Amino acid sequence: MGVESLVKEKSFEFAVCVMNLHGKLPHELNARILGKKLVRNGTAIGAHIMDAKHLEGTDGFVRKFMDAQAICGKCLYWLELLHTAGYVADEDYDYAYRKADDLYKSLHGLIAVLSNKRFY
């Protein structure tokens with residue numbers, strides 16, 4: 001499996017993960033607001049990756065992956081916030097955070113390869 005396919009698969013799995021997590025959130029307003037942000041961003045990662053497949057030229061392609069990585073970073077923040085506020089159980093948080101962090105690192109590596117640079 002190529003790196004791009006692996007990232008696509010990881011983004012899909014993370015999208016399913018955040019949708020499932022959203023279903024477990026309490027019906028409190030703050031939890032629902034943050035949950036919607038998490039779902040919006042968690043599903044947008046894969047959408048950006050799919051968009052990248054249809055772009056011509058390396059610059060636009062890399063830009064979409066960079067956008068996906070930035071969005072993934074936001075997901076890490078929303079997850080941490082939801083957990084710290086007590087809306088997400090430890091085991092659900094750990095699972096979702098690991099998925100997001102793994103996806104973030106995979107995107108980082110792919111961007112580095114595509115742009116022929118090392119990012120530190």
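What share of the contacts in the chain with a separation of 6 or more comes from residues 24 or more positions apart? The share is 69%, with contact meaning heavy atoms within 4.5 Å.

This is a predicted model, in which local features need pLDDT of at least 70, side-chain atom pairs count only at pLDDT 80 or more, and totals for chains, interfaces and linings use all residues. Residues are numbered from 1 along each chain as its sequence is written, and side-chain values use heavy atoms, without hydrogens or water.

**Figure 1. Overall fold of the chain.** The chain has 4 helices and 0 strands. Along the sequence the pattern reads α-α-α-α. Helices (H or I, at least four residues) and strands (E, at least two) are DSSP runs, numbered from the N terminus. The radius of gyration is 15 Å, close to the 14 Å that the globule rule gives for 120 residues, so the chain is as compact as a globular protein of that length. That radius is taken over C-alpha atoms, and the rule is 2.2 Å times the number of residues to the power 0.38. Along the principal axes, the C-alpha atoms fill a box of roughly 45 × 25 × 25 Å.

Figure 2. The chain exposes about 7100 Å². Carbon and sulfur atoms supply 55% of that area. Areas come from the Shrake-Rupley method with a 1.4 Å probe; for residues, only the protein chains shown count as cover. Of the 120 residues, 39% count as buried. Buried means under 20% relative accessible area, exposed over 50%, and partly exposed in between (1.4 Å probe, protein chains only). The chain carries 16 positive and 15 negative charges, and their mean positions are 4 Å apart. Lys and Arg count as positive, Asp and Glu as negative; His and the chain ends are not counted. Each charge is placed at NZ of Lys, CZ of Arg, CG of Asp or CD of Glu.

**Figure 3. The largest nonpolar core.** This core holds 33 residues. Phe-14, Leu-38, Ile-45, Phe-65, Leu-79 and Leu-107 touch the most other members. Two or more core residues come from each of helix H1 (3-24), helix H2 (29-53), helix H3 (58-84) and helix H4 (90-114). H3 gives the largest share, 11 residues. A nonpolar core is a set of buried Ala, Val, Leu, Ile, Met, Phe, Trp, Tyr and Cys residues joined through side-chain atoms within 4.5 Å. In soluble globular proteins, nonpolar side chains tend to be buried together.

**Figure 4. Phe-65 and Met-66.** Leaving aside neighbours within four places in sequence, Phe-65 contacts Val-7, Ile-49, Ala-52, Leu-107, Leu-110, Ile-111 and Leu-114. Met-66 lies in helix H3. Met-66 counts as partly exposed, at 31% relative accessibility. Its C-alpha atom is 9.5 Å from that of Leu-110, 44 residues away along the chain.

**Figure 5. Ala-100 in helix H4.** Ala-100 belongs to helix H4. Is Ala-100 buried or exposed? Ala-100 is buried, because its relative accessibility is 0%. Not counting residues up to four places away in sequence, Ala-100 touches Phe-14, Cys-72, Leu-76 and Leu-79.

**Figure 6. Arg-98 and Asp-102.** Arg-98 is exposed, with a relative accessible area of 55%. Asp-102 is partly exposed, at 37%. From Arg-98 to Phe-14, 84 residues apart along the chain, the C-alpha separation is 9.7 Å. From Asp-102 to Arg-40, 62 residues apart, the C-alpha separation is 19 Å.
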